Amino acid sequence: MFAEEKTMAKEINTIGVLTSGGDAPGMNAAIRAVVRKACANGKKVKGIYRGYQGLLEEDIKDLNRESVSDTLDKGGTILFTARCSEFRTEEGQRKGAEICRKHGIDGLVVIGGDGSFAGAQKLAALGINTVGVPGTIDLDIACTDYSIGFDTAVNTAMDAIDKVRDTSTSHERCSIIEVMGRDAGYIALWSGIANGAEDILIPEKYDYDEQKIINDIIRNRKLGKKHYIIINAEGIGHSTSMARRIEAATGMETRATILGYMQRGGNPTCRDRVYATMMGGLAVDLLCQGKTNRVVGYKNGEFMDFDIDEALAMKKEISPYMLSMAEDMSK
Ligand code: ADP
Ligand code: F6P
């Protein structure tokens, strides 16, 4: 598609909204913002349930201002979410675009991560105006400094790790706490810094040098430290077997705690509610301006939008300065 075509103004009458990929706290605040901003702009709104899967199954209902009452403070997503392999195919994408047309959906807000944006990009190429809103606890979307759900998830992890740390100190144990992040170490890095972890293992950087961890534990023990906290990202995993090996090598009782999905649920923090509201509302304004193939983001203190093609081509690098700061705190 040519750049001029992507930005050519097309009047939007009905805006669809869906959530896709992993749920994230604050997605409801984003859905609510889409619905209420669209109503404020005089547009009709349709909720597409269960992401692209629900689109292909025509699981679509009208939404109005009241449909999103009492949702701002709730975790999860009232539209449900799904992963849909059929939508990865050209046939599935064409079917999706046809269903949008059949239901009069000429603008679509997709709340999710990079995978969901790739789907939105395909629909945009098929003539459905689309705007993506970043929703993932992983904070791994390159075009934005913030993604909905991260603040809640990392605070949930921090609170849980505080509790594990209490018992770890009381028993003078080593604790390996596994946090979410299959490919991204942001939750691990942030909670590791916030909880004063001795080690933070992230998929972007871990060198699998377990002997170094073992040496550090023995050194710390000699210095009189009562506990040793290792934050391990899901992408590295194997926390239970790692705990067994560390205990055998150091003689320090070692336990693994896997926090799991508790990090993805729960009431969104103030930050998640406000950012979700701003991003959802901005997505609607962009559609109303006739824009398509865009993704909204928060960069350098401002809410803005990017071309999806450019956004998906960007690479995100975890800050080496932040990593070295974390290391210096635990020496
Ligand atoms: P996230 O949006 O959190 O990155 P996924 O990567 O699981 O989550 O993507 C969510 C859904 O988006 C997928 O199940 C699929 O339906 C759709 N999707 C992902 N990648 C593509 C793609 N390249 N083309 C079309 N649709 C895609
Ligand atoms: O939401 C992000 C995330 O939690 C990743 O860290 C994790 O790898 C993935 O979702 C797992 O999601 P699911 O278990 O639902 O496939």
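On a 1 Å grid over the protein atoms alone, a pocket is an open set of points where a 1.4 Å probe fits, with protein on both sides within 12 Å along at least five of seven lines, and its lining residues have an atom within 4 Å of a point.

The model is predicted: local features need pLDDT of at least 70, side-chain atom pairs count only at pLDDT 80 or more, and totals for chains, interfaces and linings use all residues. Residues are numbered from 1 along each chain as its sequence is written, chains are lettered from A and ligands numbered from 1 in the order in which they are written, and side-chain values use heavy atoms, with hydrogens and water left out.

The largest pocket has a volume of about 910 Å³, a volume being the space filled by probe spheres set on the grid points, which are joined across faces, edges and corners. Its lining comprises 38 residues, and those closest to the pocket centre are Gly 21, Gly 22, Arg 83, Gly 115 and Arg 182. Helices (H or I, at least four residues) and strands (E, at least two) are DSSP runs, numbered from the N terminus. Helix H5 (114-125) and strand E6 (174-179) each supply at least two residues of this lining, and H5 provides the largest share, six residues. For the classes, Ala, Val, Leu, Ile, Met, Phe, Trp, Tyr, Cys and Pro count as nonpolar, Asp, Glu, Lys and Arg as charged, and the others, Gly among them, as polar. The lining of the largest pocket then divides into eleven nonpolar, 15 polar and twelve charged residues.

Around ligand 1 there are 16 residues (a heavy atom within 4 Å). Arg 83, Cys 84, Gly 113, Gly 115 and Ser 116 come nearest to ligand 1. H5 again gives the largest share, with six residues of this shell. By class, the shell around ligand 1 holds four nonpolar, eight polar and four charged residues. Among the polar contacts (pairs of N or O atoms within 3.5 Å), a polar side-chain atom of Arg 83 lies 2.8 Å from an oxygen atom of ligand 1. Nitrogen atoms of ligand 1 also take part: one is 3.2 Å from an N or O atom in the side chain of Arg 88, and a polar side-chain atom of Lys 122 lies 3.2 Å from a nitrogen atom of the ligand. The protein covers 82% of the 560 Å² of accessible area (Shrake-Rupley method, 1.4 Å probe) that ligand 1 has on its own.

Ligand 2 is surrounded by Arg 83, Ile 137, Asp 138, Met 180, Gly 181, Arg 182, Glu 234, Tyr 261 and Arg 264. This shell has three nonpolar, one polar and five charged residues. An N or O atom in the side chain of Tyr 261 is 2.3 Å from an oxygen atom of ligand 2. A polar backbone atom of Gly 181 is 3.0 Å from an oxygen atom of ligand 2, and a polar side-chain atom of Glu 234 lies 3.1 Å from an oxygen atom of the ligand. Of the 400 Å² of accessible area that ligand 2 has on its own, the protein covers 84%.

Key. Polar contact = N/O pair within 3.5 Å; in protein donor to acceptor, adjacent residues only side chain to side chain.
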